[in-house]
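Please keep the model open beside the text while you work through them.

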Amino acid sequence: KAKKGDESTTTFAVVIYRDQDAPSGVVTMPVDRFTDNDELLAKSLNSVKAETGAPYFNERIDAGIHAALAQLDWAPRSQDDQYTRWIVVCGDAPPYPKSKQEFNLDALTKEAKDKGIEIHTILCNSGFLKPGLNQAKLLATAQTQRTNSTDFLKGLAENPGGNFLDLWDPETIKALYHQYEQVPRITRRMP
């Protein structure tokens, strides 16, 4: 949550979702309540380790979003309408097919919208495109599942008014680099 206006305070929580058979479970919440403690954020993000739920590529995105919506302390909209509410989802794999999802896309986006929460999504490639990595089978699976990932993440973002960023798309990467190059550089002279 971030307070609107000049004097803003950004608070955050961290919800991790994984595959159905991941060793640490489907959903973990390293930071399970909103806080503005930057050190806690850094520590929790640095402690996250990739886990496979092999043999599947799919992940339980639906369970992660549901946990963020249902378990975090989102005050009633009428009590804190001065805050901007975001969920930022980073993922590299699609959800399970609709028949195996516990929480469907329409219900998740409706709940987010009802609570005044924007969902912003980022489709990551997780290094599958780096040359020299011996992950041909995983890359092939990721490429065949990309459409499912894109469709779900776009749907999550668009319905409650968020944005979708596709980091698999070379044109998106090129545009981001171009924007970065346009940012004025600030240099300091040492006394």
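**Notes on one helix and several salt bridges**

1. Lys110 and Asp114 both belong to helix H3, where they sit four residues apart, which is about one turn of the helix. Helices here are DSSP runs of H or I with at least four residues, strands are runs of E with at least two, and both are numbered from the N terminus. The side chains of Lys110 and Asp114 meet in a salt bridge at 2.7 Å, N to O, a term that requires a side-chain nitrogen of Lys or Arg within 4 Å of a carboxyl oxygen of Asp or Glu. Lys110 and Asp114 are both exposed; exposed stands for over 50% relative accessible area, buried for under 20%, and partly exposed for what lies in between, with a 1.4 Å probe and protein chains only.

2. Before going further, please note that this is a predicted model, in which local features need pLDDT of at least 70 and side-chain atom pairs count only at pLDDT 80 or more, while totals for chains, interfaces and linings use all residues. Residues are numbered from 1 along each chain as its sequence is written, and side-chain values use heavy atoms, with hydrogens and water left out.

3. A second salt bridge joins the side chains of Asp166 and Arg146 at 2.5 Å, N to O. Because Asp166 lies in strand S6 and Arg146 in helix H4, this pair ties together parts that are 20 residues apart in sequence. Asp166 is buried, with a relative accessible area of 10%, whereas Arg146 is partly exposed, with 25%.

4. Salt bridges with shared partners also link Arg60, Asp62 and Glu102 into one network, and the count by this rule comes to eight salt bridges. Another of them is formed by the side chains of Asp32 and Arg33, at 3.3 Å, N to O; here Asp32 is partly exposed at 38% relative accessibility, and Arg33 is exposed at 56%.

5. Helix H4 covers residues 136-158, and its 23 residues reach 32 Å from the first C-alpha to the last, close to the 33 Å expected at 1.5 Å a residue, where the expected span is 1.5 Å times one less than the number of residues.

6. Which residues of H4 are buried? Among them are Ala142, Gln145, Phe152 and Leu156, and what covers the buried residues of H4 includes helix H2 (61-71), helix H3 (105-114) and strand S6 (164-166).

Technical notes
Contact = heavy atoms within 4.5 Å.
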